[in-house]
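Please consult the sequence and the model alongside the text.

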Amino acid sequence: MTRATARVAVPRATPRTTAPRPTPRTSARTAPSRPELRLVPGTAAAGARRHVRAAVAHRRAPFVLLVVALLVGTTLGLLVLNTAIAVDSLKATALKAANTQRAQEVQRLEQQVVTAGTPEQVVRSATAAGMIPAGSAGYLVIGPDGKSTLRGIPAPATRPTATPSGG
């Protein structure tokens, strides 16, 4: 297939040394002559069009693939991000529930400490553990000269006697 080229004379711009000539307003401008175009019968033109379409399709294919890849990548990225957020939300909910449970346990233990600090509860706990009340205590007092003196009469602790129940 050959291409025909037409040469069109283009006036050159030259520096003017003289005053411009007045042009009559009634004169019509003439259009530059164009080459005559005509259809050429045959299959060469249709084949050329197919080649052009195929070339355009081949040039568009990488761009279409790039757009599809970007869409798929963005969709997968959003899916992964959404899944990660959901997992973190479930973990946060579980941690809040555990925190509430721990706070209730701390409150229960604090209440137990307050209750166990009363003298009556201390005596009950000691008796339940097998402890016995102490007897009277004696004190050693050390004087300035280094001698020690005993004050009070120490008595050993005695196990209370069990009272027989009537039965």
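**From element order to surface**

Helices (H or I, at least four residues) and strands (E, at least two) are DSSP runs, numbered from the N terminus. The model is predicted: local features need pLDDT of at least 70 and side-chain atom pairs count only at pLDDT 80 or more, whereas totals for chains, interfaces and linings use all residues. Residues are numbered from 1 along each chain as its sequence is written, and side-chain values use heavy atoms, with hydrogens and water left out.

Strand E1 (residues 139–142) pairs with strand E2 (residues 148–151) in the antiparallel sense over four bridges; pairing requires that DSSP finds at least two bridges between the strands. Within this pair, Val141 stands opposite Thr149 of E2. The two strands form a hairpin with five residues between them, and Gly146 in the turn has a positive phi of about 95°.

Of the 167 residues, 1% count as buried, that is, under 20% relative accessible area, with exposed over 50% and partly exposed in between (1.4 Å probe, protein chains only). Among contacts (heavy atoms within 4.5 Å) between residues at least 6 apart in sequence, 28% join residues at least 24 apart. The accessible surface of the chain comes to about 16700 Å², of which 62% belongs to carbon and sulfur atoms; the areas come from the Shrake-Rupley method with a 1.4 Å probe, and for residues only the protein chains shown count as cover.

Val68 has its place in helix H1 (residues 43–116). This residue is partly exposed, with a relative accessible area of 44%.
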